[in-house]
Amino acid sequence: MKEATIKSLPIMFSYIFVSMAYGIMMEDAGFHWYFSLLVSMTVYTGAFQFVFVTLMSSGASYITIALTAFLMNSRQSFYSLTFVDEFNDIGKKSKLKKLYMIQTMTDETYAVNCAVSAEKAKSREDRQKIMFIVAFLSRVYWMIGAVIGGILGQVISFDMSGIDFCMTALFVVIFLEQWENAQNHFPAVVGILVSVICLIVVGEDYFLLPSLIITSSILMIYNARRNSEVV
Amino acid sequence: MDKHYVFIAVIISFAITFSLRAVPFLLFGGKRKMPQSIEKLGKCLPASIMAVLIVYCLRDVGDSFMCRGLEKVLAVAIVAVVYKFPVPERYVGKNARTMLSIVIGTAAYMAFIHM
């Protein structure tokens, strides 16, 4: 429990402040804190929730909302790929826990739980316990922030801009950690090259999904080729 | 604001987001075994995804590099340097090292943009 809490601290700092910003934005658009809480609990995904506010206040059609959700959140399918085995194993003991782990998959919990599942020194059971607590706490942070933002946003205002950088910092640290432990740096290098190229070609707003699709395709071809070489 | 509209919008968004997260489990759940190629992909994706996410976080660096962009790049460099700083493991454990580099890097970034 203690270790899981420590691991979730970086998520706490960024989630509370980012979701406070979300709660404030919702309040400004005329949605009270319980709406923020509802969305944070069910949809629970960073960037899309912000776009969702704009969509709802402009009365966007259901199809537009559905399409935006699909495009912005498709990346989550890639995250789940890594954890199919792990979560299925969790599901053997508790179906509910497995569903919970699937529903709470975000960029940040993915990053932290990748690091956790790489710690081979721990038993599988311990790792799964830590992953669950990380997922659980992260969503609690996110919901707390949304509610605080909705209730207190108008009253207190302080400049916390820049706090969301701790997410970037977390990704950098996990990247370095993975780099040290990896024998093969091909996946990391491909990830950087492809996403930079996509960023230049497609632009800031839409490059994430094409980057993931192209990177995965390259990795699959690469893996297949390496296989045939070994044999 | 029409409550029906909001609720249906929330339900749609929830259903789509959850389904996207669940897709791999629907494809390879229960009896159907995961093809080896997908299993391998899942294993090497974390490193790629972390790289992609970092690029995503830094996507706006090029917009006004000499001003906002440079600050972000510098802060990332600080995170890396603190993380790699050669202090023996017995003084600073792995978790502490992670926290330190995140806290110092973020503090530096916030100081930069508020200056």
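Predicted model: local features only at pLDDT ≥ 70, side-chain atom pairs only at ≥ 80, totals over all residues.
Ile197(A) belongs to a nonpolar patch on the surface, together with Trp179(A), Val189(A), Ile192(A), Leu193(A), Val196(A), Ile200(A), Val201(A), Val202(A) and Tyr206(A). The accessible area of these residues together is about 960 Å². Helix H10, which spans residues 186-202 of chain A, gives the most to the patch, with eight residues.

Tyr206(A), another member of the patch, is located in the loop between H10 and helix H11 (208-230) of chain A. With a relative accessible area of 60%, Tyr206(A) is exposed, because this value falls in the class over 50%.

The description now turns to the contact between the chains. The size of an interface is often given as the accessible area lost when the parts come together. For chain A and chain B, the buried area is about 6,900 Å², and carbon and sulfur atoms give 76% of this area. In terms of residues, 89 from chain A are in contact with 68 from chain B.

Polar interactions also cross this interface. Between chain A and chain B, 12 residue pairs are in polar contact, both residues being at pLDDT 80 or more. The rule for salt bridges finds one across the interface. A salt bridge joins Lys84(B) to Glu180(A), with 2.8 Å between the closest N and O atoms. On the side of chain A that touches chain B, helix H9 (residues 165-181) gives the most, with 14 residues.

Most residues other than glycine have a negative phi. Tyr44(A), although not a glycine, has a positive phi of about 45°. Tyr44(A) is found in the loop between helix H2 (33-42) and helix H3 (46-57) of chain A. Is this tyrosine, Tyr44(A), buried or exposed? Its relative accessibility is 1%, so Tyr44(A) counts as buried, the limit for that class being under 20%.

Note on methods: Residues numbered from 1 in each chain as written. Chains lettered and ligands numbered in written order. Heavy atoms only, no water. Patch = residues over 30% accessible without salt bridge, like charges linked within 9 Å, V, L, I, M, F, W, Y side chains within 5 Å. Areas by Shrake-Rupley, 256 points an atom, 1.4 Å probe, with all protein chains shown as cover. Salt bridge = Lys/Arg side-chain N within 4 Å of Asp/Glu carboxyl O. Helix = DSSP H or I, 4+ residues; strand = E, 2+ residues; numbered from the N terminus. Buried < 20%, exposed > 50% of the residue type's maximum accessible area, 1.4 Å probe, protein only. Contact = heavy atoms within 4.5 Å. Buried area = accessible area lost by both parts, 1.4 Å probe. Polar contact = N/O pair within 3.5 Å; in protein donor to acceptor, adjacent residues only side chain to side chain.
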